[in-house]
Amino acid sequence: MSETTTESHNPILDIQGVSITYNSVHGKVYALQDIDFTLDSGEFVAIVGESGSGKSTLALGIIGLLPPAASLSGKILYKNVDLAGIEKKDWVNFRGREIGMIFQEPMTSLDPIEKVDRQLAETLVVTKKRGGGSVTLSSSETPSVQEAQKDGEIIGETKTGKLLLREQVYEWLRKVRIADPESVAQRYPFQLSGGMIQRVMIAMALSLSPSLLIADEPTTALDVTTQAQILKLMKTLIDQIHMSIVLITHDLGVAAQVADRIVVLYAGEIVEEGAVQQIFTHPLHPYTQGLLKCYPKSAETTDRLQTLAGSVPDLRSEIKGCKFADRCPFVVAACRQEKPRYVEVEANHHAKCVLYY
Ligand SMILES: Nc1ncnc2c1ncn2[C@@H]1O[C@H](COP(=O)(O)OP(=O)(O)O)[C@@H](O)[C@H]1O
Ligand SMILES: [Mg+2]
């Protein structure tokens, strides 16, 4: 999936000048300001930032699920359609099938009173009715399932259809490495572990075969071992399906494990972006440098870990200069006078800091 400079750019997602403000009872919250970034087809980008930096706001903005009290300006071009301008009723054509989502709180995305098999089967039937669903992940699908798909039969409506549907449910559970799909399919969400639920969520999102997947902290609630397994699984499945992905995480280590490129968000602004290698070997922005100091390079260094001093500024007022100025070890007078420019310091590696111009 690595990019070469000779490859022509083919953005699947092109975010232009997006700002999102919440109009809360306590006043306005400027959650995101003037966000620009593009995601090429097949690319895996991680958006990294501390809690409160606007990551979930960005995810909700992309998929049109912001609360009514939020206002959005700017453009969100998905395959050249501006999602910021589409009607509510037209979202059905995009959400799920074009743009898949995996959320931080998987429990809230699954229906607590439906067994796993029904929930996954419903997704598969929806896919089928919309003429999709022929995801080729491996050659392990049974010939009968493939034949049924070729015939255009809507699975689930006839007796054989029901059997095929059940087989597809098991197949998807196996694809997300659930060893005993027959048993797991018969359980309710509360009977599953966090890791298992997240696997089911991934199966549901991927079975719709979206072109773009937005995953907001998909592994945050899991223990380190399960987290690593789930990330590896996502990466494998995504490589096979050729999907583009935006992974949202507060953890640089998670981003480094799977992403091609990292976008660093601070207090609602992008402060740096570059290839994973560039960010880790020579971070440019003092904020990214600070984040990396907090990131353990090996188990032995954990006890000497630094934490980034200070906290994210109050987003209820508009800040004139650089939002990181109060926490920055390199701050100069200019930082507080005007917004720093976003400059390309080396090929495909940008930073928003006066140190670089
Ligand atoms: N519904 C809301 N109403 C008002 N403020 C909100 C709302 N949701 C989020 N915020 C504020 O927007 C900012 C960004 O939040 P969020 O996008 O959840 O950050 P992250 O996902 O990076 O932790 C925070 O200051 C948060 O308090
Ligand atoms: Mg969040």
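Which residues come nearest to ligand 1? Keep that question in mind as you look through these close-up views, which all come from a predicted model.

Figure 1. Of the 13 residues around ligand 1, the ones that come nearest are Gly 52, Gly 54, Lys 55, Ser 56 and Thr 57. Two elements give two or more residues to the shell, namely β2 (27–40) and α1 (55–62). Of the elements, α1 gives the most, with three residues.

Figure 2. Start with the backbone of Gly 54, where an N or O atom lies 3.1 Å from an oxygen atom of ligand 1. Next, look at the side chain of Lys 55, which has an N or O atom 2.8 Å from an oxygen atom of the ligand. Finally, find Thr 57: an N or O atom in its side chain is 2.5 Å from an oxygen atom of ligand 1. How much of ligand 1 does the protein cover? On its own, the ligand has 570 Å² of accessible area, and the protein covers 63% of that.

**Figure 3. An open sheet of four strands.** Follow the strands across the sheet and you will meet them in the order β2-β1-β4-β5, with antiparallel pairing. Why is one side of β2 and of β5 (81–82) left without a neighbour in the sheet? Both strands stand at the edges and each has a single partner strand, so there is no neighbour in the sheet on one side of each. Further in, β1 (residues 11–24) and β4 (residues 70–78) run antiparallel and are joined by eight bridges. To get your bearings on this pair, look for Ser 19, which stands opposite Ser 73 in β4.

**Figure 4. Gly 64 in its loop.** The loop between α1 and β4 is where you will find Gly 64. Is this glycine buried or partly exposed? Gly 64 has a relative accessible area of 32%, so it counts as partly exposed. Along the sequence, Gly 64 and Ala 84 are 20 residues apart, while in space their C-alpha atoms are 7.4 Å apart.

Figure 5. Ile 102 belongs to strand β6 (residues 99–102). With a relative accessible area of 1%, Ile 102 is buried.

Figure 6. Why is strand β9 (residues 261–266) described as largely enclosed by the rest of the structure? Six of its six residues are buried, so the strand is largely enclosed. Arg 261, Val 263 and Leu 265 point one way from β9, Ile 262, Val 264 and Tyr 266 point the other way, and all are buried. One pairing is with β3 (residues 44–48), parallel and over four bridges; there, Ala 46 stands opposite Ile 262. Another pairing is with β10 (residues 269–275), antiparallel and over six bridges; here, Val 263 has Glu 273 as its bridge partner. The hairpin of β9 and β10 has two residues between the strands, and Ala 267 takes a positive phi near 45° in it.

**Figure 7. The hairpin of β11 and β12.** Strand β11 (residues 342–346) pairs with β12 in the antiparallel sense over four bridges, and the bridge partner of Val 343 is Ala 351 in β12. Two residues lie between the strands of this hairpin, where Asn 348 takes a positive phi near 60°. His 349 is found in β12, which spans residues 349–352. This histidine is buried, with a relative accessible area of 0%. Its side chain makes a polar contact of 2.7 Å with the side chain of Glu 346.

**Figure 8. Cysteines without a disulfide.** A disulfide is a covalent bond between the sulfur atoms of two cysteines. How many disulfides does the structure hold? The number is zero. Cys 322 is in no disulfide, and the nearest cysteine sulfur, that of Cys 335, is 6.0 Å away. Likewise, Cys 353 is in no disulfide, and its nearest cysteine sulfur, from Cys 328, is 6.1 Å away. For comparison, the cut-off for a disulfide is a pair of cysteine sulfur atoms within 2.5 Å. Cys 322 is buried, with a relative accessible area of 19%, and Cys 353 is buried too, with a value of 8%.

Conventions:
Residues numbered from 1 in each chain as written. Chains lettered and ligands numbered in written order. Predicted model: local features only at pLDDT ≥ 70, side-chain atom pairs only at ≥ 80, totals over all residues. Heavy atoms only, no water. Buried < 20%, exposed > 50% of the residue type's maximum accessible area, 1.4 Å probe, protein only. Near = heavy atom within 4 Å. Polar contact = N/O pair within 3.5 Å; in protein donor to acceptor, adjacent residues only side chain to side chain. Areas by Shrake-Rupley, 256 points an atom, 1.4 Å probe, with all protein chains shown as cover. Pairing = 2+ DSSP bridges.
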